[in-house]
Amino acid sequence: DLDNIKQMYAPYFRNMESDPNYIMAKQYNRTLYKNNPRRQITSASQIEAINIPSLQAIHSKLFGYADDFRFVIVGNVDLNTLKPLVEKYIGSLPTSKKVEYAVVDDGVRFAEGNVVNDFRTAMQQPKVSVRLVYTGDMEYNAKNRLIVDLLSRALDSRYMISIREEKGGTYGVSVQGGIDEYPVEKYMMAIVFDTNEQLADELVEICDKEIKKIAEEGPLADDVAKSKEFLQKNYNNVLENNGGWMSAITRWYEEGYNFKEEYLGVLESVTLDDVKAFAQKMLDDGNRTLVVMRPEAQ
């Protein structure tokens, strides 16, 4: 029952609250999303506050009616066998003509301007953790998604050389770029790595400098060519698994984008100048959030 679940998870999260990785995640969300209650890290107090009435209300709101549900079924299935099962178990779900469905803006927004949260916390294994994020407005479409992806891959290649190989400052730098469609269309480019106290600030400077270099000179043609070649090969792999088709069908219904027919053409259309322009846009937008966690001074 609920009490048993709470007794299981509340102590787990209470213990996590002293873990540096948990603390970093909490500070990161608090900083990037301006302490919005909808972007909080799960805590023991939240688990303890859960009650049956609130769960029932949420369940009823989300799953009370199936008008806005979309069921996508892919895989090695026999359609004649599947059809009566769909009619029985999906066709019988309740619907309502009174309920209106629409995307609701939850008010979550990224931090704006140059924001820095540099803090110290106790840790058994001293390290410095860095999360550097650039954000801004960007239309959510297939070409823009690929532009963001190709810049993130170009940065990943540059950081491999300038930070890992030349400086030996970290085991690796994770670069993740993407575009959110809801609640508003925004891009995010996140650069994440762990290092030591002596190199932390210098490596952050290198991260910024590599972005500025691409904005001024464009990405290396070889970096983009290799990324495009990888994505072209991966395209065939995507269409050979259920997850790939699930994503492609969902894209079709949500935005009218035919991944199977259009992806390779869109990929080919992205130029070095497109990637360069996006790097410049990141700098021009001026939304840079830096969260640095350092060990307590000995």
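Biologist: What is the volume of the largest pocket, and what makes it a pocket?

Modeller: The largest pocket has a volume of about 480 Å³, taken as the space filled by probe spheres set on grid points joined across faces, edges and corners. A pocket, on a 1 Å grid over the protein atoms alone, is an open set of points with protein on both sides within 12 Å along at least five of seven lines, and its lining residues have an atom within 4 Å of a point. Of the 15 lining residues here, Lys 61, Leu 62, Tyr 101, Ala 102 and Val 104 are the closest to the centre. Mind you, this is a predicted model: local features need pLDDT of at least 70, side-chain atom pairs count only at pLDDT 80 or more, and totals for chains, interfaces and linings use all residues. Residues are numbered from 1 along each chain as its sequence is written, and side-chain values use heavy atoms, with hydrogens and water left out.

Biologist: And the second largest pocket, which residues lie nearest its centre?

Modeller: Those are Arg 145, Ser 247, Arg 251, Phe 259 and Tyr 263, out of 15 lining residues. Helix 6 (142-165), helix 8 (221-238), helix 9 (242-255) and helix 10 (259-269) each give two or more residues to that lining. The volume is about 350 Å³.

Biologist: How do you know that Glu 255 and Arg 145 form a salt bridge?

Modeller: A salt bridge needs a side-chain nitrogen of Lys or Arg within 4 Å of a carboxyl oxygen of Asp or Glu. For Glu 255 and Arg 145 the N to O distance is 3.3 Å, so the pair passes. This one links helix 9 to helix 6, 110 residues apart. Glu 255 also bridges to Arg 251 at 3.5 Å, with both in helix 9, 4 residues apart, about one turn of the helix.

Technical notes. 1 Å grid on protein atoms, 1.4 Å probe; cavity = no way out; pocket = protein on both sides within 12 Å on 5 of 7 lines; lining within 4 Å.
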